[in-house]
Amino acid sequence: MNMSEVYYILTGRGEMHIDEEAQTVESGSAIYIPSNARRFIDNSGGEPLIFICIVDPA
């Protein structure tokens, strides 16, 4: 199944990896992840990294 995702960072700081790209994210960041992309997020800050994940289709 092809699913795209959006991560919305609530608290903390991290590094978002999508396929071969990486970018620093923090509270207030929204990240679009296309379907079939390899993804992971690392907590790079000193507090918990809390985010909401929105998946389409639900």
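In this predicted model, Glu 26 is partly exposed, with a relative accessible area of 41%. Glu 26 lies in strand β3. Beyond its neighbours up to four places away in sequence, Glu 26 touches Ile 9, Gly 12 and Arg 13. Its C-alpha atom is separated by 8.5 Å from that of Leu 49, a residue 23 places away along the chain.

**Salt bridges**

The contact between Glu 26 and Arg 13 is also a salt bridge, with the closest N and O atoms 2.7 Å apart. This pair links distant parts of the chain, since Arg 13 belongs to strand β2 (residues 13-18) and Glu 26 to strand β3 (residues 21-26), 13 residues apart. Arg 13 is partly exposed, with a relative accessible area of 38%.

The count of salt bridges in the model comes to three.

| Glu 5 | Arg 39 | 3.6 Å |

The side chains of Glu 5 and Arg 39 meet in a salt bridge at 3.6 Å, N to O. This pair again connects distant parts of the chain: Glu 5 is in strand β1 (residues 4-11), Arg 39 is in strand β5 (residues 39-43), and 34 residues separate them. Glu 5 has a relative accessibility of 12% and therefore counts as buried, the cut-off being under 20%. Arg 39 is partly exposed, with a relative accessible area of 28%.

**Strand β4 and its surroundings**

Strands β1 and β4 run antiparallel and are joined by four bridges. Within this pairing, Tyr 8 has Ala 30 in β4 as its bridge partner. Side chains in a regular strand alternate between the two faces of the sheet. In β4, Ile 31 and Ile 33 form the covered face, whereas Ala 30 and Tyr 32 form the uncovered one.

Ser 29 is located in the loop between β3 and β4. Its relative accessible area is 19%, so Ser 29 is buried. Leaving out residues up to four places away in sequence, Ser 29 touches Tyr 7, Tyr 8 and Ile 9.

**Nonpolar core**

The largest nonpolar core comprises nine residues: Tyr 7, Ile 9, Met 16, Ile 18, Val 25, Ile 31, Ile 33, Ala 37 and Leu 49. Strands β1, β2 and β4 are the elements that give two or more residues to this core. Both residues of the covered face of β4, Ile 31 and Ile 33, are members of the core.

**Largest pocket**

The largest pocket holds about 160 Å³ of space. Its lining consists of Met 16, Ile 18, Glu 21, Ala 22, Gln 23, Val 25, Ala 30 and Ile 31. Strands β2, β3 and β4 each supply at least two residues of this lining, and the largest share, four residues, comes from β3.

**Segment before β1**

Met 3 is placed in the segment before β1. With a relative accessibility of 32%, Met 3 counts as partly exposed. Not counting residues up to four places away in sequence, Met 3 touches Pro 34, Ser 35, Asn 36, Arg 39, Val 55, Asp 56 and Pro 57. One of these, Arg 39, is the salt-bridge partner of Glu 5. The C-alpha atoms of Met 3 and Ile 50 are separated by 21 Å, the two residues being 47 apart along the chain.

Terms used. Residues numbered from 1 in each chain as written. Predicted model: local features only at pLDDT ≥ 70, side-chain atom pairs only at ≥ 80, totals over all residues. Heavy atoms only, no water. Salt bridge = Lys/Arg side-chain N within 4 Å of Asp/Glu carboxyl O. Buried < 20%, exposed > 50% of the residue type's maximum accessible area, 1.4 Å probe, protein only. Pairing = 2+ DSSP bridges. Core = buried A, V, L, I, M, F, W, Y, C linked by side-chain atoms within 4.5 Å. 1 Å grid on protein atoms, 1.4 Å probe; cavity = no way out; pocket = protein on both sides within 12 Å on 5 of 7 lines; lining within 4 Å. Points joined across faces, edges and corners; volume = space filled by probe spheres on them. Contact = heavy atoms within 4.5 Å.
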